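Subject: Structure for your review

Dear colleague,

Please find the structure below, together with its sequence. An account of the findings follows it.

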Amino acid sequence: GGDMEGTDIAGAARLMLLSLAVTNEINSKVLQIIESDNIKYAVAVTKYDRNGYRARPRQLLITPSSAFLVEEAKVKQTIDYANLRGISVSSLSDGLFVLHVPCEDNRQK
(Lines give C-alpha, C1' and ligand atoms only; values in the text may rest on other atoms or scores of the structure.)
Protein backbone atom coordinates (compact mmCIF):
# COMPACT_ATOMS: atom_id res chain seq x y z
CA GLY A 1 0.00 0.00 0.00
CA GLY A 2 0.93 3.41 1.15
CA ASP A 3 4.69 2.89 1.34
CA MET A 4 5.06 2.35 -2.40
CA GLU A 5 3.26 5.57 -3.25
CA GLY A 6 5.65 7.56 -1.08
CA THR A 7 8.63 5.92 -2.75
CA ASP A 8 7.30 6.71 -6.23
CA ILE A 9 6.76 10.36 -5.36
CA ALA A 10 10.27 10.62 -3.92
CA GLY A 11 11.71 8.97 -7.04
CA ALA A 12 9.80 11.31 -9.32
CA ALA A 13 10.97 14.32 -7.31
CA ARG A 14 14.58 13.13 -7.61
CA LEU A 15 14.18 12.74 -11.38
CA MET A 16 12.72 16.22 -11.68
CA LEU A 17 15.57 17.67 -9.62
CA LEU A 18 18.10 15.88 -11.80
CA SER A 19 16.29 17.09 -14.89
CA LEU A 20 16.26 20.71 -13.72
CA ALA A 21 19.90 20.60 -12.61
CA VAL A 22 21.08 19.28 -15.97
CA THR A 23 18.80 21.60 -17.96
CA ASN A 24 20.54 24.57 -16.38
CA GLU A 25 23.82 23.30 -17.82
CA ILE A 26 22.59 22.98 -21.42
CA ASN A 27 24.72 25.18 -23.64
CA SER A 28 22.93 28.33 -24.84
CA LYS A 29 23.82 27.52 -28.50
CA VAL A 30 22.11 24.16 -28.13
CA LEU A 31 19.05 25.82 -26.61
CA GLN A 32 18.87 28.17 -29.61
CA ILE A 33 19.07 25.25 -32.05
CA ILE A 34 16.24 23.31 -30.44
CA GLU A 35 14.20 26.16 -28.95
CA SER A 36 11.34 25.36 -31.34
CA ASP A 37 10.94 22.12 -29.43
CA ASN A 38 9.94 22.14 -25.82
CA ILE A 39 12.55 20.30 -23.73
CA LYS A 40 10.62 18.02 -21.38
CA TYR A 41 13.55 16.16 -19.86
CA ALA A 42 17.33 16.40 -19.87
CA VAL A 43 19.81 13.97 -18.39
CA ALA A 44 23.53 13.28 -18.58
CA VAL A 45 24.23 9.99 -20.38
CA THR A 46 27.23 8.05 -21.67
CA LYS A 47 27.14 7.10 -25.34
CA TYR A 48 29.05 3.99 -26.39
CA ASP A 49 30.31 3.78 -29.96
CA ARG A 50 29.50 0.63 -31.89
CA ASN A 51 33.14 0.50 -33.00
CA GLY A 52 35.50 0.18 -30.07
CA TYR A 53 32.80 0.88 -27.48
CA ARG A 54 34.43 4.14 -26.43
CA ALA A 55 32.48 5.93 -23.72
CA ARG A 56 31.52 9.48 -24.66
CA PRO A 57 29.77 11.88 -22.28
CA ARG A 58 26.58 13.34 -23.74
CA GLN A 59 23.37 15.01 -22.69
CA LEU A 60 20.12 13.39 -23.76
CA LEU A 61 17.39 15.98 -24.33
CA ILE A 62 13.82 14.77 -24.71
CA THR A 63 11.19 16.87 -26.50
CA PRO A 64 7.65 15.93 -27.57
CA SER A 65 8.84 15.06 -31.11
CA SER A 66 12.52 14.12 -30.92
CA ALA A 67 15.45 13.07 -28.77
CA PHE A 68 18.73 14.97 -29.08
CA LEU A 69 22.22 13.78 -28.15
CA VAL A 70 24.32 16.79 -27.25
CA GLU A 71 28.06 17.21 -26.72
CA GLU A 72 28.80 20.55 -25.07
CA ALA A 73 27.69 23.16 -27.66
CA LYS A 74 26.95 20.68 -30.46
CA VAL A 75 23.84 18.70 -31.26
CA LYS A 76 25.54 15.45 -32.31
CA GLN A 77 22.44 13.48 -33.16
CA THR A 78 18.73 14.04 -33.64
CA ILE A 79 16.38 11.11 -33.35
CA ASP A 80 12.87 11.77 -34.61
CA TYR A 81 10.44 9.47 -32.85
CA ALA A 82 8.95 8.66 -36.28
CA ASN A 83 12.29 6.98 -37.15
CA LEU A 84 12.72 5.22 -33.80
CA ARG A 85 12.44 1.47 -34.39
CA GLY A 86 12.46 0.54 -30.73
CA ILE A 87 14.05 0.92 -27.31
CA SER A 88 15.87 -1.86 -25.47
CA VAL A 89 16.42 -1.56 -21.74
CA SER A 90 18.91 -3.66 -19.80
CA SER A 91 17.36 -6.05 -17.31
CA LEU A 92 20.26 -5.37 -14.95
CA SER A 93 20.37 -2.29 -12.75
CA ASP A 94 23.19 -0.80 -14.86
CA GLY A 95 21.01 1.87 -16.47
CA LEU A 96 21.89 0.79 -20.02
CA PHE A 97 19.41 1.34 -22.83
CA VAL A 98 19.58 1.30 -26.62
CA LEU A 99 17.65 3.53 -29.00
CA HIS A 100 17.20 1.65 -32.29
CA VAL A 101 17.37 3.89 -35.35
CA PRO A 102 17.74 3.04 -39.05
CA CYS A 103 21.41 2.79 -40.02
CA GLU A 104 20.96 4.14 -43.55
CA ASP A 105 20.42 7.68 -42.27
CA ASN A 106 23.90 9.14 -41.71
CA ARG A 107 22.66 11.96 -39.48
CA GLN A 108 21.17 9.44 -37.08
CA LYS A 109 24.07 7.20 -36.14
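How much space lies in the largest pocket? The answer is about 1,000 Å³. A pocket here is an open set of points on a 1 Å grid over the protein atoms alone, where a 1.4 Å probe fits and where protein lies on both sides within 12 Å along at least five of seven lines. Grid points are joined across faces, edges and corners, and the volume is the space filled by probe spheres set on the points.

Please note that this is a predicted model, in which local features need pLDDT of at least 70 and side-chain atom pairs count only at pLDDT 80 or more, while totals for chains, interfaces and linings use all residues. Residues are numbered from 1 along each chain as its sequence is written, and side-chain values use heavy atoms, with hydrogens and water left out.

The largest pocket

The largest pocket is lined by 31 residues, and those closest to its centre are K47, Y48, D49, L69 and Q77; a lining residue has an atom within 4 Å of a point. Two or more lining residues come from each of β1 (41–48), β2 (55–62), β4 (74–80), β5 (86–89) and β6 (97–100). By class, the lining holds 14 nonpolar, 8 polar and 9 charged residues. In this scheme Ala, Val, Leu, Ile, Met, Phe, Trp, Tyr, Cys and Pro are nonpolar, Asp, Glu, Lys and Arg are charged, and the others, Gly among them, are polar.

The chain as a whole

The chain contains 2 helices and 6 strands, in the order α-α-β-β-β-β-β-β along the sequence. Helices (H or I, at least four residues) and strands (E, at least two) are DSSP runs, numbered from the N terminus. Of the 109 residues, 23% are buried; buried means under 20% relative accessible area, exposed over 50%, and partly exposed in between (1.4 Å probe, protein chains only). The accessible surface comes to about 7,900 Å², and 55% of it belongs to carbon and sulfur atoms. These areas come from the Shrake-Rupley method with a 1.4 Å probe. Among contacts (heavy atoms within 4.5 Å) between residues at least 6 apart in sequence, 30% join residues at least 24 apart.

The loop between β1 and β2

D49 and R54 both deserve a mention here. D49 is in the loop between β1 and β2, and R54 is placed in the loop between β1 and β2 as well. D49 counts as buried because its relative accessible area is 13%, whereas R54 counts as exposed because its relative accessibility is 51%. Leaving out residues up to four places away in sequence, D49 touches R54 and R56, and R54 touches K47, Y48 and D49.

L60 belongs to strand β2 and is buried, at 8% relative accessible area. Beyond its neighbours within four places in sequence, L60 is in contact with Y41, A42, V43, V45, A67, F68, L69 and F97.

T63 lies in the loop between β2 and β3 and is buried, at 2% relative accessible area. Its side chain reaches the backbone oxygen of S66 at 2.9 Å.

E72

E72 is found in the loop between β3 (66–71) and β4. Is E72 buried or exposed? E72 counts as exposed because its relative accessibility is 68%. Residues up to four places away in sequence aside, E72 touches N27 and V30. E72 and V30 are 42 residues apart along the chain, and their C-alpha atoms are separated by 8.2 Å. Phi of E72 is near 50°, a positive value in a residue other than glycine. Most residues other than glycine have a negative phi.

Yours sincerely

Definitions and conventions. Polar contact = N/O pair within 3.5 Å; in protein donor to acceptor, adjacent residues only side chain to side chain.
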